[in-house]
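User: I would like to learn how to read a few features of a protein model. Please take them one at a time, with the general idea before the case.

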Amino acid sequence: MKRRLSLTLWGAIVLFWFMLVLLLYYYVHKPISPTQASLLAQACGRVLVGGAVIGLAGGLGAWIMPGVGLRPLARLAYQAGVGLGILAVGVLMSGVLIGYSPLWAWGMVFALALLLRRHIWEWGRQWKDLAALWEAGGRLGRCLAVCVGLMLACTLLIALAPPVKFDALVYHLALPKVYTQAGRFAFTGENIFWGMPQTAEMLYTWVWLLDEAVTSAVLGWMVGVITLAGLLGYMAQRWGARPAWVSSAALLSGLTLALTHAWAYVDGWLMLSGWGVIVSLDLWQTERQPHHLVLAGVFAGIAISTKYTGSVLALVVVVYLLSALWREGKEILKSMALFLLALILVSLPWWVKNLWATGNPLYPFVFTSPFMDDYRLQLYQGLPPWGAIQDVMLLPVQATVWGVEGAPGFSASIGPLLLGLGVFAALGARSLKAIQKEALSIALWVALPGMFIWAVASRFSRLLIQTRLYFGLFPALALLAGVGFWRIANLSLPRLRLGVIVGALLLLPVVFNLWEVGVFTVHSQAPALLLGLQDEKAYLEKNLGWYTVAMEEINALPTFSRVLMLWEARSLYCLPYCDPDEVLDRWLLDRRKWGDPAHILEGWRSEGYTHLLVYRLGVDFVRQSDDRFQPADWHTLELLLNGLPAPTRFGEAYELYTLP
């Protein structure tokens with residue numbers, strides 16, 4: 001007994017001494033500075049806040065749909081997708097009826113967490129399925145999983161830094177800032193993008209009230225993770241673990257596809273909705289329960305409620321149901337009615353808000369309305385198609401090979417795997433199990449008519465060629481890539497292990513894209529910002545250049561100041577003191593409205609503007625590329641600017657004039 005006490009005492013002394021030495025050493029040799037500790041704690045807090053909203057959405061979906069016949073990882077994405085759509089409508093209605101405040105935002109979190117606590121726990125437990133897929137993925141699957149994980153880690157670092165990407169600064173985050181400043185869901189005629197459906201923007205508004213814009217970007221990143229998890233679980237259920245990892249990697253194998261989730265864009269919602277439509281149709285074909293078609297309508301409605309071009313999903317489902325009508329008879333008409341009814345009800349709030357504010361449910365398109373007369377409507381919608389007809393005749397090849405992030409035309413890098421593997425998906429389809437045939441058929445019915453609609457739409461406006469407008473189709477393309485790999489891996493050729501060769505080859509674009517994403521992340525200096533090696537101002541100047549300095553100058557103006565921006569669409573960092581030139585047509589509109597420089601200045605002053613910010617680099621770009629502007633327009637501009645007091649210049653990029 002005494003010996004046992006003696007050993008216990010000696011053990012306590014050893015531990016005490018070792019801990020004392022550690023404490024004394026790190027008291028002097030601090031591995032993490034107070035600044036770094038604060039920044040890391042802030043980053044963790046933002047992840048927790050974004051995760052809380054995702055957890056609430058998942059718990060809400062688990063409460064509504066507890067027994068979906070899917071593998072756990074697919075089920076959790078399915079539930080979260082429905083929950084996010086419901087929460088977005090709830091935020092919209094709250095903004096109209098009650099208003100917004102941090103107290104409201106936190107009250108919603110705690111109230112929903114209390115009501116849904118059991119369902120949130122059940123939803124969260126489904127993530128354990130990821131470990132099973134790691135084990136079942138084999139060597140190839142685990143290599144792909146590591147690459148996917150590293151790409152997600154890099155993009156999370158970018159999401160944790162202040163937003164700098166164009167569309168986020170124009171409207172995805174600029175509109176939520178307007179709402180938080182107004183304390184309600186407010187109409188803003190100064191930004192016609194208000195007329196777009198705003199599922200993602202509503203949730204960004206909620207998260208902004210909980211923390212700030214950076215946390216909104218983290219939420220967008222998490223929606224991308226949910227989409228990948230859903231695709232992984234669904235593919236594993238139908239085709240196995242290795243094809244599942246190939247599908248997930250294919251959906252991240254292009255630079256744009258990997259980075260878009262970090263930019264506070266809405267692409268993640270569009271992809272999640274596209275995936276949800278595929279799964280709903282699959283469940284409907286498998287179980288023949290009407291509520292699955294209702295859910296297909298819900299996901300298609302969420303897609304439209306996220307981006308107008310999400311309507312391509314509704315069109316391809318109608319085409320799919322019409323094909324079923326041809327095979328199975330008129331009883332499909334009832335199913336189609338259920339789908340369309342759900343689609344209309346889910347998307348209805350966004351048509352109603354446009355009708356209420358402008359009298360045009362499709363604002364800012366199709367019909368004239370406040371802020372969109374015939375002339376401006378033609379300017380916006382009348383842009384000629386990009387390229388020639390041959391550029392869309394082989395659309396998948398063109399978008400894959402010539403699509404480059406930020407470049408004219410397709411303006412997105414989507415990687416080679418979707419096309420390189422997807423074309424083999426239908427090989428030997430007759431030998432598939434019935435459930436696999438149906439899953440493959442649905443993916444083809446989404447992908448092929450969807451790309452046809454993309455090609456046709458692109459001939460109406462140059463804007464409609466952009467790849468990211470159709471990201472709702474990409475889960476189907478990723479599914480086809482996984483099936484294509486599965487078909488190749490199962491081909492039996494003498495003396496040739498084709499599956500092994502293709503498996504090694506497909507690692508190349510994934511590793512190359514991981515390298516590109518890593519270089520992009522380091523070059524952006526997001527890691528340096530999060531480690532306290534650079535401050536936020538330097539980060540913004542590094543990524544936005546003179547724009548950051550110009551915005552600081554605007555924010556330093558007297559509080560009564562109001563700045564009109566010409567050829568600058570990005571207003572996030574100068575609200576509420578600035579009005580953006582969101583589609584780069586303000587000068588044409590005002591010159592047509594008022595004519596000569598004197599009357600234009602008088603008109604601006606009558607509208608309350610005290611300053612004018614001219615983006616000179618934007619002027620140079622538009623002068624060379626936009627034939628809507630004529631030489632007389634530029635001559636009038638120079639006459640007007642020459643008559644103003646000398647401006648404050650920011651490099652060769654911006655000029656800030658005082659309106660006398």
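Predicted model: local features only at pLDDT ≥ 70, side-chain atom pairs only at ≥ 80, totals over all residues.

User: Which residues line the largest cavity?

Analyst: Its lining includes the run of Ala 161, Pro 162, Pro 163, Val 164 and Lys 165, with Ile 158 and Ala 159 also taking part. Ala 217, Ala 262, Trp 263 and Tyr 539 complete the list. By class, the lining of the largest cavity has 10 nonpolar residues, no polar residue and one charged residue.

User: And what lines the second largest cavity?

Analyst: The residues are Gly 81, Leu 84, Trp 269, Leu 272, Ser 273, Phe 299 and Ile 302. Helix 3 (72-97), helix 14 (267-287) and helix 15 (290-304) each give two or more residues to this lining. Helix 14 makes the largest share, with three residues. Five of the lining residues are nonpolar, two are polar and none is charged.

User: What about open space? Which residues lie nearest the centre of the second largest pocket?

Analyst: Phe 371, Arg 376, Arg 586, Leu 589 and Asp 590 lie nearest the centre, out of 20 lining residues. Helix 18 (374-381) and helix 28 (586-594) are the elements that give two or more residues to the lining of this pocket. The largest share, five residues, comes from helix 28. The volume of the second largest pocket is about 450 Å³. Its lining has 13 charged residues, six nonpolar residues and one polar residue.

User: Now the bonds. Which residues does the disulfide join?

Analyst: A disulfide is a covalent bond between the sulfur atoms of two cysteines. This structure holds one disulfide. Cys 574 and Cys 578 are the partners, with an S to S distance of 1.9 Å.

User: Why is the disulfide of Cys 574 and Cys 578 called right-handed?

Analyst: The torsion about the S-S bond is about 85 degrees, so the disulfide is right-handed.

User: How should I read a salt bridge, and how many does the structure hold?

Analyst: Side chains of opposite charge can pair when their charged atoms come close. There are 22 salt bridges in this structure. One of them is formed by Arg 238 and Asp 282, whose closest N and O atoms are 3.0 Å apart. Because Arg 238 lies in helix 11 (residues 213-239) and Asp 282 in helix 14, the pair ties together parts that are 44 residues apart in sequence.

User: What phi does Ala 264 have?

Analyst: Ala 264 has a positive phi of about 60 degrees, although it is not a glycine. Ala 264 is in the loop between helix 13 (255-259) and helix 14.

User: Last, the surface. Which residues form the nonpolar patch there?

Analyst: Leu 340, Leu 341, Ile 344, Leu 345, Leu 348 and Val 352 form the patch, and together they have about 510 Å² of accessible area. Leu 341 lies in helix 17, which covers residues 332-358.

Conventions: Residues numbered from 1 in each chain as written. Heavy atoms only, no water. Patch = residues over 30% accessible without salt bridge, like charges linked within 9 Å, V, L, I, M, F, W, Y side chains within 5 Å. Areas by Shrake-Rupley, 256 points an atom, 1.4 Å probe, with all protein chains shown as cover. Salt bridge = Lys/Arg side-chain N within 4 Å of Asp/Glu carboxyl O. Helix = DSSP H or I, 4+ residues; strand = E, 2+ residues; numbered from the N terminus. 1 Å grid on protein atoms, 1.4 Å probe; cavity = no way out; pocket = protein on both sides within 12 Å on 5 of 7 lines; lining within 4 Å. Points joined across faces, edges and corners; volume = space filled by probe spheres on them. Nonpolar A, V, L, I, M, F, W, Y, C, P; charged D, E, K, R; others polar. Disulfide = S-S within 2.5 Å.
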